[in-house]
Amino acid sequence: MRMFDFIIVGGGSAGCVLAGRLSEDPEVTVALLEAGPVDQSVLIHCPAGLAVIARTGAANWKFETTVQPGLNGRRGYQPRGKVLGGSSSINAMVYIRGQREDYDHWAALGNSGWSFEDVLPYFLRTEDNARGASGWHGSGGPLHVMDPVSPNPLGAVFVEAGRQAGYAVNPDFNGASQEGVGLYQVTHKNGERFSAAKAYVTPHLRRPNLQVFTGAHVTRILLEQQRAIGVEFVQGGELKQLRAGAEVLLCAGALQSPQILMLSGIGPRQHLAEKGIATVLDLPGVGENLHDHLDVVQVVNVPGLTQSFGTSPAGVLAAIKGMLEWRQRRTGLLTSNFAEAGGFVKSQAQERTPDLQFHFTVAKLADHGRATVWGHGYSCHVCQLRPLSRGRLTLASKDPFDAPLIDPNFLGVREDMECLMRGFRIMRNVLQQPALAALGGRETAASAQAVSDLHVEQFIREHADTVYHPVGTCRMGKDSLAVVNAALQVHGVQGLRVVDASVMPRLVSGNTNAPTVMIAEKAADLIRSTQRVEK
């Protein structure tokens, strides 16, 4: 077996951060294993290319949930990045940290070192914010963050509608307060997507101590006397192994990190036995605590609204012009991430902090962008930020190439439905304000008919789905269902950490990519401090 000090499983956001940071030390050798290909597609680098990626399923695991009773027996869609950069190479590039209270809650659960004051320096370290350095933003970090280079005018119209509805205009959702409506900052640079791969790996591919393996599907972690000593993976149809001299770092995400642990014999004993897997360590919390942001969309038809993306002769012509402009100057229509505007509001007055998030999109969307919707218009999403429902992830079989069974238990707790119903009505109120009403749009029939509480609930059950933020399946903590400790080390196993969104005890109040990058930045320090002690 080839030997590396650190083996990183998963070349997504967290894995890329660790590969870049740990390989800064020339005395340390690092292997990064990614099941997908190199991130070379123009559809990844052109921000608006995410629409095509969504339709084709390229660079995507294309998972589905189990049948969800809360969604009237539907299966939800669970896209995850299968490419260098992971989901940061296929997402909508919105840069949001969440609320101070999210991290203070993590710390209150017994996770020392994870309060907002503890993690803010790591957020600042990651950033190269085009607005410059301040108490809330970093400059000179690996991850470029900026305001849209060619903002779509519809975003400003939505913000004005939010103001008319009584919400404050917030120029910085990552500043002193998250509440209000405004334009999102995005992970872009020079008119292109700036993924975690571009930030942390691509600039350092010539480092002799860093080797990236793509097309490398990890099948299990190799264990010897309760210590992780390496990994087994399939590449090019061949079964291979690598040995880790220091640690194995599992960064496969909330849906695949627990899967790999269970395939390796780490997880609930009874479930492993049912799948014919010998238990190395009975760790019952592996795969538990799965939760996600459930999202529902209202779509508005606006004939002739050529500022939006749309399927019409004018829309096709605008797209062609946009392609030419993007190729020549990296500006124009195709620099859009679609969800340029949004906001954070309270579903009811007694909420201490916002519990709803809007994503306003400059296109009519259906089925996660995979279905063709004719004409022009816009859409608005609302999601509940802190759902109470909890599900689980389990194995379909002991075959590492079988997708796991993903059960988020959407709307399993009644309060989640009631919150989302309030959010639906608040969203409709914003969309009916004069600024947007002046465009002459009309809500599509499916949601327009949802007026009574009964019909609103039915609309949500028939149409809601993920907004792509699964977390929690290897959560950190001290109790019997915790999987990792506050240093992200797997309980009961030496030389093994989990570093990704799966370790979050509870969802952050917003998009999860920036927090995942932060987690990995902090993990790099935790790992280096451990190695110094051991040396």
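Pro69 sits out in the open: its relative accessible area is 67%, which counts as exposed (over 50%, with under 20% being buried and partly exposed in between, for a 1.4 Å probe and protein chains only). This is a predicted model, where local features need pLDDT of at least 70, side-chain atom pairs count only at pLDDT 80 or more, and totals for chains, interfaces and linings use all residues. Residues are numbered from 1 along each chain as its sequence is written, and side-chain values use heavy atoms, with hydrogens and water left out.

**Around Pro69**
- Pro69 belongs to the loop that runs between β3 (63–68) and β4 (74–78); strands here are DSSP runs of E with at least two residues, helices are runs of H or I with at least four, and both are numbered from the N terminus.
- Between Pro69 and Gly412 there are 343 residues of sequence separation, yet their C-alpha atoms are 8.1 Å apart.

**Cavities**
- Two cavities of 30 Å³ or more turn up in the structure. A cavity is a set of points, on a 1 Å grid over the protein atoms alone, where a 1.4 Å probe fits but cannot get out; lining residues have an atom within 4 Å of a point.
- The largest cavity has a volume of about 80 Å³, volume being the space filled by probe spheres set on the points, which are joined across faces, edges and corners.
- Among the residues lining the largest cavity are His291, Asp292, Gln384, Phe410 and Asp416.
- That lining splits into six nonpolar, four polar and two charged residues (nonpolar: Ala, Val, Leu, Ile, Met, Phe, Trp, Tyr, Cys and Pro; charged: Asp, Glu, Lys and Arg; polar: the others, Gly among them).
- The second largest cavity holds about 40 Å³, and its lining includes Tyr95, Arg131, Asp172 and Tyr184.
- By class, the lining of the second largest cavity has six nonpolar, two polar and two charged residues.

**Second largest pocket**
- A pocket, by contrast, is an open set of points with protein on both sides within 12 Å along at least five of seven lines.
- Helix α11 (414–431) and helix α4 (100–108) each give at least two lining residues, and α11 has the largest share, with five.
- Charged residues number eleven in this lining, alongside four polar and three nonpolar ones.

**Helix α10**
- Val316 is part of helix α10 (residues 313–329), and its relative accessibility of 47% makes it partly exposed.
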